[in-house]
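Hi everyone, thanks for coming. Let me put the sequence and the model up on the screen, and then we can walk through them together.

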Amino acid sequence: MARRLLPRLAAHTPLLPGADQVAYVDIDDTIRRTHGYAKQGTGYGYGKGKGLNALLGVVSTPLAVPVIAATRLRKGPSNSARGAAAFVAETIRTARACGASGLLVVRADSAFYGADVINACRSLNARFSITVRMNASVRAAIAGIDDDAWTAIKYPQAVWDEEGRCWISDAEIAETTYTAFTSKPKNQQVTARLMVRRVKRLGTGAQPAGQGTLFDTWRYHAAFTDSPLSLRDAERDHRRHAVVEQVIADIKSSAFAHAPSGHFQANAAWLTLAALAHNLTRAAGALASAFHARAITATIRDHLINVPARLARSARRLTVHLPERWPWSEDFAQLFRAVHAPPPTA
């Protein structure tokens, strides 16, 4: 039901504008803390806390905030990549059903860096952009990048140099070609772009005043991608993977604030219902106004759903009396008209 509802919402509301051009699928998991001894499936996961592991797949576009396309509840001690390939395939299919017929990029962190996940993306004609674990072969590939290949990018606290017409920043990017998973059979090996961002490693504070370092040392962050975009655009798009963290924070502060049941399958159903509620709230915001289309669900609920209205009954008719000088009256009226508008004729 959840997989069928989202495409229908996207077809009848401006939920994912621009999906026919560019869309992004972001995958990540989180630990929902639990307490007590009566809940099935709980355990100590990567966060060192006891709870259940929730895996989420969200879909977004450059013009739209993310909506939840797939969910899966797993045991607390589950590895992040457990069942990730099938989950990524499910999320991609749902994104395609929502109208993502153009460029579709799957973004994930290093926990999902694996041959099965990347090959699942390629088999469904989707691009990938996944953070790479720093192993020996990746370090060797980074060491082979020429010093002249690094380009400064705009980074937090960067300064624009008018004379040099460039950003003065501690962050620089470069790329090289890299073949991943060489220990696996040839049909599972993948050759693509290795994007690398490096940031100067700051001192520990023990450096005497006025004494600089002999040479700069760097921290490296690499991502493996087959994105057709330029290096600067592809690297910036990869950093926007953090939008899934905002969705996780949003859902954990609302419908999935707790796992209420002692039965594992009931909590899995609760997670699915939380995703349904999230998407319905997003659809309501998209119908109301441009501001609410990008607001978090808590704001949409406070402004448009938890309405301080008064119901009056007269001649078997209900009348809703909205508050006077209510700042969201026009947005509520727009949502009401959109929901109750007659269906378009064929």
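Strand 1 and strand 5 pair in the parallel sense, over five bridges. Pairing here means that DSSP finds at least two bridges between two strands, and helices (H or I, at least four residues) and strands (E, at least two) are DSSP runs, numbered from the N terminus. If you want to find this pairing on the screen, look for Val22, which stands opposite Leu103 in strand 5.

Before I go on, a word on what we are looking at. This is a predicted model, in which local features need pLDDT of at least 70 and side-chain atom pairs count only at pLDDT 80 or more, while totals for chains, interfaces and linings use all residues. Residues are numbered from 1 along each chain as its sequence is written, and side-chain values use heavy atoms, with hydrogens and water left out.

Back to strand 1. Strand 3, residues 50–61, is joined to strand 1 by 10 bridges, and those two run antiparallel. By buried I mean under 20% relative accessible area; exposed is over 50%, and partly exposed is in between (1.4 Å probe, protein chains only).

Next, the cores. A nonpolar core is a set of buried Ala, Val, Leu, Ile, Met, Phe, Trp, Tyr and Cys residues joined through side-chain atoms within 4.5 Å. The largest one has 51 residues, and Tyr113, Leu194 and Phe224 have the most contacts inside it. Helix 2, residues 84–97, gives the most to this core, with five residues. Apart from it lies another core, of 17 residues, including Val58, Leu73, Phe264 and Leu271.

Let me zoom in on Phe224. Contact means heavy atoms within 4.5 Å. Leaving out residues up to four places away in sequence, Phe224 touches, among others, Tyr113, Ile118, Phe128, Tyr178 and Val190.

Helix 2 also holds Glu90. This glutamate counts as buried because its relative accessibility is 18%. What does Glu90 touch, not counting residues up to four places away in sequence? The answer is Arg3, Ala70 and Arg72.

On a 1 Å grid over the protein atoms alone, a cavity is a set of points where a 1.4 Å probe fits but cannot get out, whereas a pocket is an open set with protein on both sides within 12 Å along at least five of seven lines; lining residues have an atom within 4 Å of a point. Grid points are joined across faces, edges and corners, and a volume is the space filled by probe spheres set on the points.

By this rule there is one cavity of 30 Å³ or more. The largest cavity has a volume of about 40 Å³. Its lining includes Tyr24, Arg107, Asp237 and His238. Helix 5 provides the largest share of that lining, three residues.

The largest pocket holds about 320 Å³ of space. It is lined by 17 residues, and the closest to its centre are Ala64, Val65, Pro66, Val243 and Arg294. Which helix gives the largest share of the lining of this pocket? That is helix 6, with four residues. By class, the lining has eight nonpolar, three polar and six charged residues. For that count, Ala, Val, Leu, Ile, Met, Phe, Trp, Tyr, Cys and Pro are nonpolar, Asp, Glu, Lys and Arg are charged, and the others, Gly among them, are polar.

Last stop, the loops. Most residues other than glycine have a negative phi. Asn125, however, has a positive phi, near 60°, and sits in the loop between helix 3 and strand 6. Phe181 also has a positive phi, of about 60°, and its place is in the loop between strand 10 and strand 11. Asn125 is exposed, with a relative accessible area of 64%, while Phe181 counts as buried at 12% relative accessibility.

One more loop residue is Ala149, between helix 4 and strand 7. Ala149 is partly exposed, with a relative accessible area of 36%. Its C-alpha atom is separated by 5.9 Å from that of Ala174, 25 residues apart along the chain. Leaving aside neighbours within four places in sequence, Ala149 is in contact with Ile173 and Ala174.

Thanks, everyone!
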